[in-house]
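Have a look at the model first, and then we can go through them together.

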Amino acid sequence: MKLDTRIVRAGISPDPTTGAILPPIYETATFVLEEVGRDKGFDYTRSSNPTRQVLEDNLAAIEGAEYGICFSSGMASVDSVMKLLSAGDHTVSSNDVYGGVSRHFNRVLARYGLEFTYVDTADPDAVRAAIRPETRMLWVETPTNPLLQVTDLAAMSAIAKEHNLLLGVDSTFATPVFLRPLELGADIVVHSTTKYLSGHNQIIGGAVLTNREDIYREMKFIQKTIGAVPSPMDCWLVLLGLKTLHLRMARHNDSGMKIARFLEAHDKVAQVRYPGLPSHPQHNIAAAQMDGFAGMISFELKGGIPAGKALMNSVELCALAESLGAVETMITHPATMTHAEVPAEERHARGLTDGLVRLSVGIEDCDDILADLDRALAAA
Ligand SMILES: Cc1ncc(COP(=O)(O)O)c(C=O)c1O
């Protein structure tokens, strides 16, 4: 089956009892045994649930993975992957990972003896130089949130194999429609299903995909032991959102490209970061390993903080909202919104400059998004 068909159909068969075309929402904590030692494949929803199983099978098929495991958030997925490690283990990580991920690494996992080094994973030599005898994981986000840095996954896979490391990839920004890291040698793929995969701002969720049975078994053990599982209702809502993933991604990509070009030509904008633009530093890698560039753009306003504030207060169609990857266009200015409490020096060190704006291009008519930005930029 081709990808578009797998998205709509894989892992989903009519309900055997009623013929319902969509899977039932099994909102139940437990399952009654037929007799001691004999159940119908399910015993307790923390361990497994039929609605979650359909989502896990569907996501695995879409990613081209043998196994899928779902979690209650993208962060719970990242946390559960890191639980494959033990105290003393070291991870080399992309330096521009999503802020919630670096906060988790530095402020939670570091307390349990895990160590992290952050490097620009677009530079394979920097990755090699950071590897130590106790390094076990190479953690790559591509494209990154919010600076849209792109990493060559085949190069990372070669390094991981050479040094016997696990290669984990957060592929949330790309989705399996545009990037399939397992085909490029990754061991583990993570998604925040909160974003493009569910697509309608309707749930918080996460998923881990792998082809390795040993990793799957360990992740299933971690999933049922820790219990950061999504509700059956949330799984069903992700399944519903997924049905149009390919259609939505095509629109995000088309509009993303048009808006990135518009911003690049705008006199209020100093720089645009979008992997589809030839000016992007890793455009060639992105073009070679991705089938599209999705709808995430970040750009730098010439006017710094006042311009960012003015833009945020002038947009009407673009929603001032923290998430991304949904049907609605959303915009954030980290310096005055998500990172307003972070001291300027620390914020700048992370590349979150005063004029940085992150735009998640939705699936509205592109002309309306462009008109909103054009009008609001006049105030910036
Ligand atoms: C790249 C990336 N990974 C992981 C996460 C965490 O996902 P969640 O908010 O579903 O926990 C996010 C959230 O923004 C993200 O952008």
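Q: What makes E2 and E3 count as paired strands, and do they run parallel or antiparallel?
A: In this predicted model, five bridges join strand E2 (residues 90–94) to strand E3 (residues 115–119). Pairing asks for at least two bridges, so E2 and E3 qualify, and they run parallel.

Q: Which way does the chain cross from E2 to E3, and what is the hand of the crossover?
A: The path goes from E2 through helix H4 (residues 99–107) to E3, a β-α-β crossover that is right-handed. The name applies because the path over the helix runs clockwise when the strands point away from the viewer.

Q: Which strands make up the sheet that holds E2 and E3, and in what order?
A: Seven strands form this open sheet, in the order E1-E7-E6-E5-E4-E2-E3, and the pairing is mixed.

Q: Why are E1 and E3 called edges?
A: Strand E1 (67–71) and E3 each have a single partner strand, so one side of each is left without a neighbour in the sheet.

Q: Which helix lies across E1, E6 and E7, and at what angle to E1?
A: That is helix H2 (residues 50–63), which lies across E1, strand E6 (188–192) and strand E7 (206–210). H2 runs at about 125 degrees to E1.

Q: Which residues come nearest to the ligand?
A: The shell has 15 residues, and Ser73, Gly74, Met75, Ser192 and Thr194 come nearest. Helix H3 (74–82) and H4 are the elements that give two or more residues to this shell. By class, the shell has five nonpolar, eight polar and two charged residues.

Q: How do you know that the bond between Thr142 and Pro143 is cis, and what is its omega?
A: Omega is about -15 degrees for this cis peptide bond. Pro143 sits in the loop between strand E4 (135–141) and helix H6 (153–162). The loop between E4 and H6 also holds Pro146, and the peptide bond from Asn145 to Pro146 is cis, with omega near 10 degrees.

Q: Why is Asn164 called exposed?
A: Asn164 has 8 C-beta neighbours inside 10 Å. The label exposed is given at 12 or fewer, so Asn164 counts as exposed.

Q: Why does Asn201 count as partly exposed?
A: Asn201 has 19 C-beta neighbours inside 10 Å. Buried needs 20 or more, and exposed needs 12 or fewer, so Asn201 falls in between and is partly exposed. Asn201 lies in the loop between E6 and E7, and its phi is near 55 degrees, a positive value in a residue other than glycine.

Q: Why is Asp234 called buried?
A: There are 23 other C-beta atoms within 10 Å of Asp234. The cut-off is 20 or more, so Asp234 is buried. Asp234 is part of helix H9 (residues 232–242). Leaving aside neighbours within four places in sequence, Asp234 is in contact with Ile203 and Gly205. The C-alpha atoms of Asp234 and Ser198 are separated by 9.5 Å, while these residues are 36 residues apart along the chain.

Q: What makes E9 and E12 a pair, and do they run parallel or antiparallel?
A: Five bridges join strand E9 (residues 296–301) to strand E12 (residues 356–360). At least two are needed, so the strands pair, and they run antiparallel. Phe299 stands opposite Val357 in E12. Both strands belong to an open sheet of five strands with mixed pairing, in the order E8-E9-E12-E11-E10.

Q: Which helix lies across E9, E10, E11 and E12?
A: Helix H12 (residues 304–314) does, running at about 130 degrees to E9.

Note on methods
Residues are numbered from 1 along each chain as its sequence is written. This is a predicted model: local features need pLDDT of at least 70, side-chain atom pairs count only at pLDDT 80 or more; totals for chains, interfaces and linings use all residues. Helices (H or I, at least four residues) and strands (E, at least two) are DSSP runs, numbered from the N terminus. Two residues are in contact if their C-beta atoms, placed from the backbone, lie within 7 Å. Axes are lines fitted to C-alpha atoms, for helices over the stretch in contact, and angles run from 0 to 180 degrees between N-to-C directions. A residue is near a molecule or strand if its C-beta atom, placed from the backbone, lies within 6 Å of it. Ala, Val, Leu, Ile, Met, Phe, Trp, Tyr, Cys and Pro count as nonpolar, Asp, Glu, Lys and Arg as charged, and the others, Gly among them, as polar.
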